[in-house]
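Please look over the sequence and the structure shown here before reading on. The paragraphs that follow lead from a sheet to a helix and then to the domains.

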Amino acid sequence: MNPMTVALFSSQKYEQASFDTYLEDQATISITHFEQALTAQNTILCKGFDAVCVFVNDTVDETVIKQLDELGVKCILLRCAGFNNVDLAAAKAHNIKVCRVPAYSPEAVAEHCIALMLTLNRKTHKAYNRIREDNFDLNGLLGFNLFQKTIGIIGCGKIGLALVNILNGFGANVLVCDPYAEQGAYTLCELDTLLSQSDIISLHCPLNEQTHHLINEQAFAKMKPGVMLINTSRGALIDSKDCIKALKSKQLGYLGLDVYEQESELFFKDRRDEIMQDDVFSRLVSFPNVLVTGHQGFFTQEALNEIAQTTLQNAYEIANQSPLSNEVKL
Ligand code: NAI
């Protein structure tokens, strides 16, 4: 049997090692790594491949899927949990299977949320620079206890729940808004209650038509003045322009982002020699109470191992025509 050929896009050095480790049976699957993201302009690279393997910022819309079909590609292997960048209807229409990695260490993302919360709150990033310059002044570094603060989690699936467990350890009062969540070690409530009562709000719901710009001008108006907002889910959950207004009016007191609406134009590359074209992003990072990381919530060794293992398992299942454990369907 010929090996299943996979074109892996947006390939980074740090993940190639994990794939090499878990690619035990080289005779069954062969992977070619492409550094560039998949777009409608470069789908020709997929010619002769059975599968494409993509990450969060690759384009897998109707146009790309039609081209993939014409080139003979049979499946799309997502190296991530979210599938908002894939047109599932088009995939179905072209009989292209889509598989994902449903969870790769939810704890990795939950722990990164805590890093954002504590850094914004206790300003350790500023303290680090001050001490290096022999500046031992504490003015401007004042924080607050997480103990007994109200922390609202929007979307309590795998990552939200991992965060709830950590926050309960801090002695925080945890509110959850999730239409599908069951009772747990938190108080379930409606979105408006969560927005108006929380000292910190953290977003963990998927991006879809219902949740697009969930956090907009109206939502900010319902929040406590000086609230902290953390987004490690998907950028378009927040209306970035409304966010800037809320920061300028001080309604939003702290903002921690690991994701950004237009991140596909920016993230995962060294752009120091380029001129920043995104004025909204430039404005966001100019605020002293905003901390942005470049979609690194998942980025632990444990998660990289899980991504490689599950992606290869998905590929093996397709190659062997076995039942698919992680298929994404409409
Ligand atoms: P999950 O599917 O386990 O949980 C999502 C939860 O959101 C579910 O419980 C669902 O009921 C709930 N939900 C759906 N619609 C909602 C709404 N309108 N309001 C409130 N809750 C709603 O997903 P998981 O694994 O917890 O991931 C959450 C998100 O985190 C993913 O969609 C993905 O976009 C993002 N993510 C980010 C990573 C990063 O590196 N920053 C890594 C992995 C995932």
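Two strands are said to pair if DSSP finds at least two bridges between them, and helices (H or I, at least four residues) and strands (E, at least two) are DSSP runs numbered from the N terminus. The model is a predicted one, in which local features need pLDDT of at least 70 and side-chain atom pairs count only at pLDDT 80 or more, while totals for chains, interfaces and linings use all residues. Residues are numbered from 1 along each chain as its sequence is written, and side-chain values use heavy atoms, with hydrogens and water left out.

Strand E1 (residues 4–8) is joined to E2 by five bridges, the two running parallel, and Val6 has Ile31 as its bridge partner in E2. Three bridges join E1 to E3, again in parallel, and here the bridge partner of Val6 is Ala51. These strands belong to an open sheet of five, paired in parallel in the order E2-E1-E3-E4-E5. Its edge strands, each pairing on one side only, are E2 (29–33) and E5 (97–99), and the twist from one strand to the next averages 20°, where axes are lines fitted to C-alpha atoms, for helices over the stretch in contact, and angles run from 0 to 180 degrees between N-to-C directions.

Helix H11 (residues 301–319) packs on this sheet and touches E1, E2, E3 (51–54), E4 (75–78) and E5, its direction making about 160° with that of E4; contact means heavy atoms within 4.5 Å. E1 has both faces covered, with Met4, Val6 and Leu8 buried on one side and Thr5 and Ala7 buried on the other. Buried means under 20% relative accessible area, exposed over 50%, and partly exposed in between (1.4 Å probe, protein chains only).

In helix H2 (residues 62–70), Val64, Ile65 and Leu68 are buried. Seen down the axis of H2, its buried residues fall within an arc of 100°, so they line one face of the helix, the arc being that of the directions from the helix axis to the C-beta atoms. These buried residues pack against E3, E4 and helix H3 (88–93), whereas the face turned away from them carries the exposed residues Glu62 and Glu70.

The protein chain is divided into domain 1 (4–104 + 301–319) and domain 2 (106–292), with bounds that come from an automatic or database domain assignment. Their contact takes eleven residues from domain 1 and eight from domain 2.
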